[in-house]
Amino acid sequence: MSLTRLIYVSTITSEFSLGDIDKILESSYRRNSANNISGVLYFSTRYFMQYLEGDRADLEETYARIIQDRRHANCIVYELEPIEKREFEDWSLAYIPQSESLRSLNSRFMQSAQFNPYDIPQQNVFAFILELKAYLPRVYLEGLTC
Ligand SMILES: Cc1cc2nc3c(=O)[nH]c(=O)nc-3n(C[C@H](O)[C@H](O)[C@H](O)COP(=O)(O)O)c2cc1C
């Protein structure tokens, strides 16, 4: 077992509609828990950023499947790195949609409140993911009060 993290970004295509999020999460929960993969999916504007952690071979197999998915394109890997410990061990795939409270995070990392993950310098991508993790409970609570 060589614990590894994978971070990539992608852009939605014309084959994607918002209703696909639930389908993506359903197959991701199922597949990731079977493969002992955990992580987070962030969706904002037209872009995805996904962080996955698990055994390297399982991650590579999963990523090979993900990039075949025609609902997104322009997948760019930012990181494929060995890690010592998991950051999202409780989540087969946490999901963070865009929200008002994340705008300030976007502008800190991207010079604008508009999320464009292709603009984040590679060395800051993992820090961005850790910031997202800190937002997780707050985003979920906001969701409950809506
Ligand atoms: C942005 C995005 C993220 C995805 N993340 C995962 C993931 O973490 N794990 C996974 O197994 N599939 C993920 N998928 C779905 C796969 O592309 C594919 O649809 C799915 O694995 C097919 O599984 P199924 O045939 O068992 O439903 C993702 C797809 C998209 C568009």
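I took two strands as paired if DSSP finds at least two bridges between them. Helices (H or I, at least four residues) and strands (E, at least two) are DSSP runs, numbered from the N terminus.

The model is predicted, so I note that local features need pLDDT of at least 70 and side-chain atom pairs pLDDT 80 or more, whereas totals for chains, interfaces and linings use all residues. Residues are numbered from 1 along each chain as its sequence is written, and side-chain values use heavy atoms, without hydrogens and water.

**Entry 1: the sheet.** I looked up the strand order and found an open, mixed sheet of 5 strands, β4-β1-β3-β2-β5. β4 (72-82) and β5 (94-97) each have a single partner strand, so one side of each edge strand lacks a neighbour in the sheet. I then examined β1 (residues 3-12), which pairs with β4 in the antiparallel sense over 8 bridges. Within this pairing, Y8 is opposite V77 of β4.

**Entry 2: salt bridges.** I searched for a side-chain nitrogen of Lys or Arg within 4 Å of a carboxyl oxygen of Asp or Glu. The whole structure holds 11 salt bridges. One of them joins E15 to R70, with the closest N and O atoms 3.1 Å apart. E15 is in the loop between β1 and α1 (20-34) and R70 in the loop between α2 and β4, so the pair ties together parts 55 residues apart in sequence.

**Entry 3: accessibility.** I classed residues as buried under 20% relative accessible area, exposed over 50% and partly exposed in between (1.4 Å probe, protein chains only). E15 is partly exposed at 42%, and R70 is exposed at 58%.
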